[in-house]
Amino acid sequence: MKAIIPAAGLGTRFLPSTKCTPKEMLPVLDKPVIQYVVEEALEPDEVDDVIIVTSPGKPELLSYFQPDRSLEGLLRERGKGAYADAVAAVGSLPVDFRYQYEPRGLGHAIRSAADACAGESFLVLLGDYVVPARDICTKMLEVSRAHGGASVIAVAPCAPDEVSRYGVVAGERAGSLPGSEDVADDEPGAVWRISGLVEKPSPEDAPSNLYIVGRYLLSAHVMELLADQEPGAGGEIQLTDAMARSLDRENMYAVVIDPLSGYDTGTPSGWMATNALMAAEDPRFRDAFWEAIDERGGLKR
């Protein structure tokens, strides 16, 4: 199985930082955001390759995932073996690239990797969402196996007055992950069968309070539908439109996850909060992080 990571956007919300550095290369602690997503995509045993869909104007992504023997050798000569090992590990990750030559939407970006999927189901991981536990894809695959290889998406609950910010699912409870049989319909571990997808509904029109998180396990049929998908919202080819069309022919499920299980790095504030929260929890950085904060008099709101 292949995992597709769309990474072709301009990152305009981070300008001028992203004028020369792709937003996917902005660091979270000691790694760029894109590396966390690649490592998460490779966590399930079923995944053997990651396809990053990028634009020709982002050569830094290709360079980052290539081996760099000279840098490794220099680091080892200087006694920095741990850093050399980290560089070598990045260069050995099974990452390939496809290019989106014009910004025509998420669905168009996914379709750019169709040749790599060879008519098989595939994962999609949005590249600005970091999941330290790397467990969402595994949960989706578990649900898919239980339902004959069906498409599965990850959803999370939000406040009813926030649904207009997201893509929201319609459907009904269809089961649970093992050990989650007693959870409520919108609590982590609940499994839904999807009957519809609504993009940014008003609170009074929303069919649920469950929004699509940015992790998808999709059938080959969805990829086929993207080939002739008409432009939708914003004049772009929308992935959710093809997913909605697929419901006429095949079932789709959703697994509810904890909304706090991932970190959204897609905005400057989200990226800054992600760094702070992960630094405060990571034993490698925790003490030094709080010491640096305390030196400036602590945090004040």
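A: Two strands count as paired when DSSP finds at least two bridges between them. Helices (H or I, at least four residues) and strands (E, at least two) are DSSP runs, numbered from the N terminus.

This is a predicted model, in which local features need pLDDT of at least 70, side-chain atom pairs count only at pLDDT 80 or more, and totals for chains, interfaces and linings use all residues. Residues are numbered from 1 along each chain as its sequence is written, and side-chain values use heavy atoms, without hydrogens or water.

Start with β12. The strand covers residues 252-256 and is mostly covered, with 5 of its 5 residues buried. Buried means under 20% relative accessible area, exposed means over 50%, and partly exposed lies in between (1.4 Å probe, protein chains only). In a regular strand, side chains alternate between the two faces of the sheet. In β12, Met252, Ala254 and Val256 point one way. Tyr253 and Val255 point the other way. All of these are buried.

Now the partners. Strand β8 (residues 151-157) runs parallel to β12, and 5 bridges join the two. Within this pairing, Ala154 has Val255 as its bridge partner in β12. Strand β10 runs antiparallel to β12, joined by 3 bridges. Here Trp192 stands opposite Ala254.

Next, follow the chain back from β10. Asp185 lies in the loop between β9 (167-176) and β10 (190-199). The side chain of Asp185 forms a salt bridge with Arg173, at 2.7 Å from N to O. A salt bridge here is a side-chain nitrogen of Lys or Arg within 4 Å of a carboxyl oxygen of Asp or Glu. Arg173 sits in strand β9, so the pair ties together parts that are 12 residues apart in sequence. Both ends are partly exposed: Asp185 has a relative accessible area of 41%, and Arg173 has 25%.

Side chains of opposite charge can pair when their charged atoms come close. The structure holds 18 salt bridges. One of them joins Asp128 and Lys23, with the closest N and O atoms 3.7 Å apart. That pair links distant parts of the chain, 105 residues apart: Asp128 is in the loop between β6 and β7 (129-130), and Lys23 is in the loop between β1 and β2.

Another salt bridge joins the side chains of Glu43 and Arg134, at 3.4 Å from N to O. Glu43 lies in the loop between α1 (33-41) and β4 (49-54), and Arg134 lies in the loop between β7 and α7 (136-146), so this pair ties together parts 91 residues apart in sequence. Glu43 is partly exposed at 38%. Arg134 is also partly exposed, at 29%.

Last, the backbone. Most residues other than glycine have a negative phi, and most peptide bonds are trans. Leu15 and Pro16 are joined by a cis peptide bond, with omega about 10°. Pro16 is found in the loop between β1 (2-7) and β2 (27-28). Leu29 has a positive phi near 55°. Leu29 lies in the loop between β2 and β3 (31-32). Ala118 also has a positive phi, about 50°. Its place is the loop between α6 (114-117) and β6 (122-125). Ala118 is exposed, with a relative accessible area of 60%.
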